[in-house]
Structures are given as structure tokens and as C-alpha cells.
Amino acid sequence: TLSQRPTFVLLGMAAMETTEAPMLIEHQHKSLTYTPYETRWVPCSARFVCAGITPKAKGILQIYELKGGQMSVADERQKASGIKCGTFGASSFSSRAMATGDYAGGLAIYDLERLDEASYSVTKAHKSIVNAIDGIGGLGIGGGAPELVTGSRDGCVRVWDPRVAEAVVSLEPVDGQPVRDCWTVAFGNSVGDERCVAAGYDNGDVKLFDLRTNAMRWETNANNGVTNVQFDRPDVDMNKLVVTTLESKFRVFDMRTQHADDGFAHVAEKAHKATVWLARHLPQNRDLWMTGGGNGGFNLYTYHYPKKRTATHKDNTPTGVPGSVELLNSRVISTQPIVSFDWSPDREGLACLACLDQTLRVYICTKLDKY
């Protein structure tokens, strides 16, 4: 009863009073007739886009609107190929156009007011499915021109300027080497003239490309297929990079100090007892993030920095010091993996997500301002 003393629950490494932990509250729930792969909030609005693939292998884009405590479809279109990924990262506030990657290897940008035809389209951006896409330079986020980056099963990572039809940078497998499936890409370090791309592959490789110098800056291997990479903020000097993988593990790299031999320091954490499919940082606080798991659950974490972020290596050069990770709350909501999750950039704690059980949900996470 409410008159009883508050109970405590063990969360991560520390005991936290349940009344103080962030609450994860389901606001809306809807069953779909297709398999969803992407959910994205429309900037500066109470709308979001859900995209995926129908049973007949067609693509589908649905725009949902939250109004009067209800969720309803405001617009819907089918496309020739299933849609795997999408982003508003390269869009302006005025156009609010969503870039998508599809099962046929196509790249397209859709104005949400005119969904019938793409305002920009590259039919064969890749030879195979576009697994991941990210954008930068739009919405006032990051220095430099708006750009998109795509990663594909063909092993290529390509950077696109939406004003031209050809890729401005193409990072391709070395001739004679096995082609590794690129599962995830993300922009980061977009400050002034600087900009980089992180990419994760099915064999566990994580690569960091410097777009200003057009060179590989760093690479490592996470021992399992890399399902998602995300910088805590793409528009600041590199701070942290979360890398999620198969076999229920994720890593948080401290990107401030790179050692010549040891690279970037990191902390590893077990999660979900299943594949960790994604990590999404809260836009209003880069030290909070949500992971989505193959067990149908999501976990909310916070990062604690060490007292000193650098130390002296045995070779007398600086090396990074990793912090620690604390689990704030978790909840299992489905029997199938959570494959998409997006925080609202305008309302702290509001999120939309999709699961492979063909459900779409809107959640509210409370008390995030305490961290």
C-alpha cells in the first residue's frame, strides 16, 4: 500500500529507491499490418514517421499525429521497395524532409507534404539493401553543409550531398578482401571544418573515417557483429561513442583521448541477455541513453565520468580513462526485438518505438531532469 515504506530495487551497481528511478510509461500502442524498421519524430511537431515493409515486399511510410491524447494516421504512402532506415538529420526546419534507404539499395528524400514523389532519389545508391542511414548539417545541428551517410550489405559506406546525384565519398572494400556487411553508420565530430563517420560491420569491425583528411582515423573489433553505433552528440568535439553488438553486450568509448597503440578507452556492459539492437542518446542530456534489446525490452542508462579522463601510459603519452555505466530502469514490453527507438527533440522523455511483433508504441520517460 502507499502507506508502507518505499521498497528498493537493485539497478545496475547501486540500490536506487523506486520512487526516485525514472518511470517508463506507455502512452500509446498500435498494432500494424506491416513490419516496421524505423520511427522518427518530425522536428518541431507532435508527429512522427513510421516506415517499414509490407507482406508483399512494398515500402510503406506512415505519418502519425498525437492529438487529444490519441495517436492517428495523418498520411500514408506505399513505395516500390521496403524501407529499412530513415533520418531527418540533413533536413531544414522549413522542409522537414526525411531521407530513406530501401531494400533495393535506393536512397530517397521525401517532403512530408508531398509524399507521392521523392524530391531527391538515387535508385542504385548501393548494390544491395541500405541497412543504415544518418544525416548531419540540417536542423541547425553540426557545422558544414547538409550530408547523408549510408551503409549497405555491399560493404560500402557512402557520403551524399543532397544537391548532387553522385556520392561525394565512397568507402569501399579492398579488392580481394571478403566483403563485410555494414550494419550501422553515424556522423560525429561535426564542428567547424571537422566531420567524421563511424561504421559498424557484421564481423565486429568498428571504423572511424575522418572526412576532412579523407583517411581512416581508428579501427577496432568488438568481437561480435556491430548492430548500432551512435555518438552522444554529433555536433561537438568527439566525446563518447556507444557501440552495441550481438551476444548481449555494448561498449562506451571515451573519444576525447586517442592512444597511438591502445586507441580509445572503453567500458563494456552486458545487457538484455540478447542482442542489443540499438542505443539512442537523449537529445537534452547526452549522458543518458536507451538501449533496445532482442528480448523485447529497453534499458535506460546513465554515464559517470571518472575523476580524471586521461592518464599517463607506460610509454609516457596520454591515454583515456573510461567511466562507469549505471542502469536506471528497464522494462520488457514485447516478445520480439525492439528495432527502432527515437527520442523527441522537442519534449524531453517522449519517445516512439517499434518492435518486430508489428507494434508501434509511444512512451513517456519521467524524472530525466534529475540526471
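Predicted model: local features only at pLDDT ≥ 70, side-chain atom pairs only at ≥ 80, totals over all residues.
Residues are numbered from 1 along each chain as its sequence is written, and side-chain values use heavy atoms, with hydrogens and water left out.

Buried denotes under 20% relative accessible area, exposed over 50%, and partly exposed the range in between, with a 1.4 Å probe and protein chains only. Strands and helices are DSSP runs numbered from the N terminus (E, at least two residues, for strands; H or I, at least four, for helices).

An open sheet is formed by four strands in the order S20-S21-S22-S23, with antiparallel pairing; two strands pair if DSSP finds at least two bridges between them. Its edges are S20 (226–231) and S23 (263–270), each of which pairs on one side only. From one strand to the next, the twist averages 20°, where axes are lines fitted to C-alpha atoms (for helices, over the stretch in contact) and angles run from 0 to 180 degrees between N-to-C directions. Five bridges connect S20 with S21 (residues 240–245) in the antiparallel sense. Within this pairing, Asn228 has Thr244 of S21 as its bridge partner, and Phe231 stands opposite Leu241 of S21. Strand S20 is largely enclosed by the rest of the structure, because five of its six residues are buried.

Strand S6 (residues 59–67) is likewise mostly covered, with seven of its nine residues buried. On one pairing, S6 is joined to S5 (residues 47–53) by seven bridges in an antiparallel arrangement. These two strands form a hairpin with five residues between them, and Ala57 in the turn has a positive phi of about 65°. Ile53, which lies in S5, stands opposite Gly59 of S6. Ile53 has 15% relative accessibility and therefore counts as buried. Its C-alpha atom is separated by 7.6 Å from that of Ser81, a residue 28 positions away along the chain. Strand S6 also runs antiparallel to S7 (residues 70–79), to which nine bridges join it. Leu61 stands opposite Arg77 of S7. The hairpin of S6 and S7 has two residues between the strands, and Gly68 adopts a positive phi near 60°.

At the surface, Met23, Ile25 and Ile364 form a nonpolar patch with about 220 Å² of accessible area together. Accessible areas come from the Shrake-Rupley method with a 1.4 Å probe, and for residues only the protein chains shown count as cover. Patches are made of residues with over 30% relative accessible area and no salt bridge, with like charges joined within 9 Å and nonpolar side chains (Val, Leu, Ile, Met, Phe, Trp, Tyr) within 5 Å; a salt bridge is a side-chain nitrogen of Lys or Arg within 4 Å of a carboxyl oxygen of Asp or Glu. Ile25 is found in strand S3 (residues 24–31) and counts as partly exposed because its relative accessibility is 34%.
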